[in-house]
Amino acid sequence: MAGHSKWANIQHRKGRQDAKKAKFFTKAAKDIILAAKAGGGNPDDNSTLRLAIQKAKAVNLPKDKIDNAIKKGTGELAGGDLAEVMYEGYGPGGVAMLVEVATDNKNRTVAEIRHAFTKHGGNMAENGAVSYMFNRKGVIVFNGEKYTEDELMEAGLEAGADDIVEDGDTFIVYTEPGDFMAVQQAFADAGMEYESAEFNQVPENLVPVDAAVGKKVMNLFDALEDNDDTQNVYMNADLPDDLFDEED
């Protein structure tokens with residue numbers, strides 16, 4: 001599968017953005033609401049909700065807020081009137097971008113997302129213009145200093161892992177969405193601790209950009225991430241490592 005490299009530096013910047021914005025709780029609660037709304041409030045029967053709860057616990061979302069988010073999603077409490085929308089567009093250098101939002105006002109959100117694209121040298125695209133370049137995958141990231149590729153293969157492949165790729169000092173395990181929870185459980189049963197586990201839109205191929213264009217792309221990325229309704233931003237930019245070295 002193409003499109004693996006530069007995962008670490010994109011996620012590194014993304015993690016810094018999340019920390020700066022302190023949006024962990026809001027995003028985690030919205031994920032739970034949407035998952036419960038789509039598949040019911042029982043995590044044993046709803047793998048998407050189970051993952052959303054895992055992620056919420058990882059950012060220390062209090063139990064009562066988790067429970068309330070589930071109830072909002074199932075309609076037991078008010079506040080669950082959220083729609084999940086994926087906007088598509090292009091950034092500087094022809095980079096394809098997907099913006100996943102959870103909003104209670106689509107008109108407001110689409111106007112704000114369009115403004116961010118326009119202000120930072122990009123443009124929104126019609127539905128389907130960009131999304132075909134990405135595949136929804138389960139993505140589990142491991143510290144490459146703790147485990148070998150053989151160890152990860154032994155634990156993951158039998159459970160349904162599609163691919164294991166080395167990216168710098170990390171190993172990235174990819175799965176089909178339906179196999180994600182089983183693979184995650186297989187690693188847990190083997191006592192192997194991962195750094196992150198989530199569903200992502202993984203690009204088929206990457207668009208290489210230089211540092212100058214990369215800065216413009218990341219300015220757009222940051223602006224999209226800063227929107228209160230944004231849950232995730234995905235892109236197919238192959239960013240140069242020195243772009244991140246300059247910021248550290």
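**Briefing: aromatic pairs, salt bridges and a buried glutamine**

F180 and F199 are both buried, and they are described here from a predicted model. The two rings have their centres 4.7 Å apart with their planes at 45°, so the pair counts as tilted. Because F180 belongs to helix α7 and F199 to strand β7, the pair ties together parts that are 19 residues apart in sequence.

**Aromatic residues**

- The model holds four aromatic pairs, and in one of these, F142 with Y147, the ring centres are 5.7 Å apart and the planes stand at 90°, so the arrangement is edge-to-face.
- F142 is buried with a relative accessible area of 0%, and Y147 is likewise buried, at 12%.
- One aromatic cluster is formed by F142, Y147, F187 and Y194.

**Salt bridges**

- The count of salt bridges comes to eight, and K137 takes part in one with D162, at 3.2 Å from N to O. This pair links distant parts of the chain, with K137 in strand β4 (residues 134–143) and D162 in strand β5 (residues 161–167), 25 residues apart.
- K137 also forms a salt bridge with E176, where the closest N and O atoms are 2.4 Å apart. Because K137 lies in strand β4 while E176 lies in the loop between β6 (170–175) and α7 (180–189), this pair ties together parts that are 39 residues apart in sequence.
- K137 counts as buried at 8% relative accessibility, whereas D162 is partly exposed at 37% and E176 is partly exposed at 34%.
- Salt bridges that share partners join K30, D104, R108 and D229 into one network.
- Within helix α4 (residues 63–74), D67 and K63 lie four residues apart, which is about one turn of the helix, and they form a salt bridge whose closest N and O atoms are 2.9 Å apart.

**Helix α3**

- Helix α3 (residues 47–58) has 12 residues and reaches 17 Å from its first C-alpha to its last, close to the 16 Å expected at 1.5 Å a residue.
- The residues L49, L51, A52, I53 and A56 of α3 are buried, and the buried residues of this helix pack against α2 (24–39), α4, α7 and β7 (196–203).
- At the start of α3, a side-chain oxygen of N46 comes to within 3.2 Å of the backbone nitrogen of T48, and just after the helix N60 takes a positive phi of about 65°.

**Q231**

- Where in the fold is Q231 found? Q231 is part of strand β9 (residues 230–235).
- Is Q231 buried or exposed? Its relative accessible area is 2%, and because buried means under 20%, Q231 is counted as buried.
- The side chain of Q231 is joined to that of D31 by a polar contact of 2.9 Å.
- With neighbours within four places in sequence left aside, Q231 is in contact with K27, K30, D31, E100, V101 and A102; among these, K30 is also a member of the salt-bridge network with D104, R108 and D229.

Key. Residues numbered from 1 in each chain as written. Predicted model: local features only at pLDDT ≥ 70, side-chain atom pairs only at ≥ 80, totals over all residues. Heavy atoms only, no water. Helix = DSSP H or I, 4+ residues; strand = E, 2+ residues; numbered from the N terminus. Buried < 20%, exposed > 50% of the residue type's maximum accessible area, 1.4 Å probe, protein only. Polar contact = N/O pair within 3.5 Å; in protein donor to acceptor, adjacent residues only side chain to side chain. Contact = heavy atoms within 4.5 Å. Salt bridge = Lys/Arg side-chain N within 4 Å of Asp/Glu carboxyl O. Expected span 1.5 Å × (residues − 1). Phe/Tyr/Trp six-rings, centres within 6.5 Å; stacked < 30°, edge-to-face > 60°.
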